[in-house]
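Subject: Structure handover

Hello,

Here is the structure for you to look over. My notes on it follow below.

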Amino acid sequence: MKKQTLLTTLSLILLLVAGCAPKTVTPDPNMVIQQAVAATLAAMPTQTSVPPFTPYPTPTAFNLAGLFCEYQFCIGHPVDVVFFDISAQKNPAATSTYSQGMLAAFNNNLFIQVMWQIAPNTSDPRFLMDTLLDDQLDTAAGNMDIFLIRDMNVMYDNISTTAAAVLPAGGIGAWTCGDRVFAWKVYAPSVESARPLFDEALARFTCGQ
């Protein structure tokens, strides 16, 4: 009787011990995969965000050939000649300025002069044309062409000259721009070759006002 009671007690103790032992839990495969994917994504380096596009102006082609720019104005001229400062040639200490000056350019086929002077509120450039016209060498044709280009009052006349035997003809013009008046003169082989040179000079002319 005692032996049977002992066996029963031992069986109960074993059952209790077995019940208190930790249980082995089989992990859910889907959960393991999700956790692995999440860990992998977290460990991947993040890409640097692309900065927003900033538009920049594209450079405009600008041809400097045959263009003189100084003293806050630009003027066109044939590509085979270069303007130089007449004032500086006469006196290196007295160069041209914004207020007044004179340029010249020449080759075997032409001689060009450009003159300017400050003249606020002046709409008639005739006085500077008369200044550039040499009374002893030049004779105006007297057929003045007066017109308007880009708000500039312009006048032009053909001339004959005795300045050089190979350059017996030419043209003279003048115009206003801002607070200055400009005058232009050319000695050329013929009258017909003079006017296109003047038109080319004005086509590329700009001035700081």
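A residue counts as buried when its relative accessible area is under 20%. F205 has 1% relative accessibility, so F205 is buried. Please keep in mind that this is a predicted model.

**Overview and confidence**

The protein has 209 residues, and 32% of them count as buried. Five helices and eleven strands make up its elements. Of the contacts with a separation of 6 or more, 49% are between residues 24 or more positions apart.

Mean pLDDT is 79 for the protein. A value of 70 or more is reached by 68% of the residues. Among the elements, strand β10 (residues 180–188) has the highest mean pLDDT, at 97. Helix α2 (residues 29–43) has the lowest, at 44.

Two stretches need a flag. Over residues 12–18 pLDDT stays under 50, and the model has zero contacts there beyond four places in sequence. Residues 58–62 also stay under 50. For that stretch the model has one contact beyond four places in sequence.

**Aromatic rings**

How many aromatic pairs are there? The count is 14. One of them is F182 with F205: the ring centres are 4.9 Å apart and the planes stand at 75°, so this pair is edge-to-face. F182 sits in strand β10, while F205 is in the loop between α5 (191–203) and β11 (206–207). The pair therefore ties together parts that are 23 residues apart in sequence. F182 is buried, at 0% relative accessible area.

Both residues belong to a cluster linked by ring pairs. Its members are F68, Y71, F73, F83, W116, Y156, W175, F182, W184, F198 and F205.

Two arginines sit over rings. The charged end of R195 lies over Y156, 4.6 Å from the ring centre. Y156 is one of the cluster residues. R180 lies over the face of Y98, and the distance to the ring centre is 3.8 Å.

**An open sheet**

Three strands form an open sheet, in the order β1-β2-β11. Their pairing is antiparallel. Which strands are at the edges? They are β1 (67–70) and β11, each of which pairs on one side only. Strand β2 (residues 73–76) is joined to β11 by two bridges. Within that pairing, F73 stands opposite C207 in β11. F73 is also in the ring cluster.

**Disulfides**

A search of the whole structure gives two disulfides. Counting bonded cysteines along the chain, the pattern is 1-2, 3-4.

The bond between C69 and C74 has an S to S distance of 2.0 Å. Its S-S torsion is about 120°, so this disulfide is right-handed. Are its two cysteines buried or exposed? C69 is partly exposed, with a relative accessible area of 37%. C74 counts as buried, at 15% relative accessibility.

The other disulfide is formed by C177 and C207, with the sulfur atoms 1.9 Å apart. Here the torsion about the S-S bond is about -85°, so the disulfide is left-handed. C177 lies in strand β9 (residues 167–177) and C207 in strand β11, so the pair ties together parts that are 30 residues apart in sequence. C177 is buried, with a relative accessible area of 6%. C207 is buried too, at 15% relative accessibility.

**A174 and its surroundings**

A174 also lies in strand β9. At 0% relative accessibility, A174 counts as buried. What does A174 touch, leaving out residues up to four places away in sequence? The list is P125, M129, N153, V154, M155, F182, A183 and F198. F182 and F198 are both in the ring cluster. A174 and R126 are 48 residues apart in sequence, yet their C-alpha atoms are 6.7 Å apart in space.

**Where to look**

For a quick pass, begin with the edge-to-face pair of F182 and F205. Go on to the disulfide of C177 and C207. Then view A174, which touches F182 among others.

Best wishes

Notes
Residues numbered from 1 in each chain as written. Predicted model: local features only at pLDDT ≥ 70, side-chain atom pairs only at ≥ 80, totals over all residues. Heavy atoms only, no water. pLDDT = per-residue confidence, 0-100. Helix = DSSP H or I, 4+ residues; strand = E, 2+ residues; numbered from the N terminus. Contact = heavy atoms within 4.5 Å. Phe/Tyr/Trp six-rings, centres within 6.5 Å; stacked < 30°, edge-to-face > 60°. Buried < 20%, exposed > 50% of the residue type's maximum accessible area, 1.4 Å probe, protein only. Lys NZ or Arg CZ within 6 Å of the ring centre and 35° of its normal. Pairing = 2+ DSSP bridges. Disulfide = S-S within 2.5 Å.
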